[in-house]
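Morning, everyone. I'll go through a few spots in turn.

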Amino acid sequence: MPSEPVPLAPRALMTWYLEAGVDETIGDAPVDRYAAAARAFAPLEASARPAPAQPAPVMTDRPQASLTPGPLMPEANKALQPAALAGNGKKDGLPPAGDEAVQSAYTLAEAAQSVAALRAALETFDGCALQKTATNLVFTDGSPEGQVVFVGEAPGAEEDRQGVPFVGPSGKLIDRMLESIGLDRTRVLITNTIFWRPPGNRSPTTQEIAICMPFLERLIELVDPKVLVAVGGPAASALLAQPQGITKLRGRWFSYETSRMVRPIPATAMFHPAYLLRSPAQKRDVWRDMLALRRKLDEES
């Protein structure tokens, strides 16, 4: 007879769920959302009902004061507006949560004076929802004094497990790419546009990239590399602010600069190693890009 399946330990089960992209749970009992909504709106509907009609005034021989109110003054109209309208579409005049997270990220990032301090700031930052589903912070690998900063898109499952960017098959390929022009991870710095793995390896959202961008910008400022390389289309779009796809961006040079940098940094883009593993015919173009990177480094030296 077939053996009974062995139940997974809670931690192993949660790890399996995260790697499978599960980011929500469903309860055992159904919930009637319509009934809950009706209960929530019942007080509002009651307050919106018209007031009962007032009895007609008793006519007497004495003159009566006017019972018809005059037009409301502008101040009264403003006082009756909902708070959301009075605050330019923002409740109580406060920015939405996403804007608050971006501003908090900028504040923390600007205060960091070293790569280690920037990592410590990221470890205390709580403005990105991806932190709740990721196993580890995936910040950097390589040297904080690297000549080149490589920026990928987002951590994958293996990166999430190890807390290191570009490991696994893609990492091995990028190591060989570096070796082909006389570099290795001790002479470059590798990172991503976001620092926590999205569930199920989905693409990061615009908001998630915006929240992590202050830390990435500060990282580039602190390292001050000779060359910046965007690895893959999403990273190129985030860093270079160019509308073209990676096929048209690779092989070209741009200038990357922030308000705190003393000089612009030459920046380029190339195909992601994961794409090369699926499309080996593109390796010829990447070899040309690596040779161009080597020439640019020699020029900057």
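Lys 296 counts as buried, at 18% relative accessibility. Buried here means under 20% relative accessible area, exposed over 50%, and partly exposed in between, with a 1.4 Å probe and protein chains only. Lys 296 sits in helix α13. Helices are DSSP runs of H or I with at least four residues, strands are runs of E with at least two, and both are numbered from the N terminus. Beyond its neighbours within four places in sequence, Lys 296 is in contact with Val 227, Trp 253 and Pro 266. Contact means heavy atoms within 4.5 Å.

A word on provenance. This is a predicted model, where local features need pLDDT of at least 70 and side-chain atom pairs count only at pLDDT 80 or more, while totals for chains, interfaces and linings use all residues. Residues are numbered from 1 along each chain as its sequence is written, and side-chain values use heavy atoms, with hydrogens and water left out.

Next, the cavity. A search of the whole structure finds one of 30 Å³ or more. A cavity is a set of points on a 1 Å grid, over the protein atoms alone, where a 1.4 Å probe fits but cannot get out; lining residues have an atom within 4 Å of a point. The largest cavity has a volume of about 40 Å³. That volume is the space filled by probe spheres set on the points, which are joined across faces, edges and corners. What lines the largest cavity? Gly 251, Arg 252, Trp 253, Thr 268, Ala 269, Asp 289 and Ala 292. At least two lining residues come from each of β6 and α13.

Now helix α8, residues 168-179. At 1.5 Å a residue, its twelve residues should span 16 Å, and the end C-alpha atoms are 17 Å apart, which agrees. The expected span is 1.5 Å times one less than the number of residues. Buried in α8 are Ser 170, Gly 171, Leu 173, Ile 174, Met 177 and Leu 178. Down the axis, these fall within an arc of 160°, so they line one face of the helix. The arc is taken from the directions from the helix axis to the C-beta atoms. On the other side, Pro 169, Lys 172 and Glu 179 are exposed. The cover over the buried residues of α8 includes β2, β3, β6, α12 and α13.

Last, Ile 209, in helix α9. Ile 209 is buried, at 17% relative accessible area. Its contacts, leaving aside neighbours within four places in sequence, are Ile 194, Pro 204 and Ala 238.

Conventions:
On a 1 Å grid over the protein atoms alone, a cavity is a set of points where a 1.4 Å probe fits but cannot get out, and a pocket is an open set with protein on both sides within 12 Å along at least five of seven lines; lining residues have an atom within 4 Å of a point.
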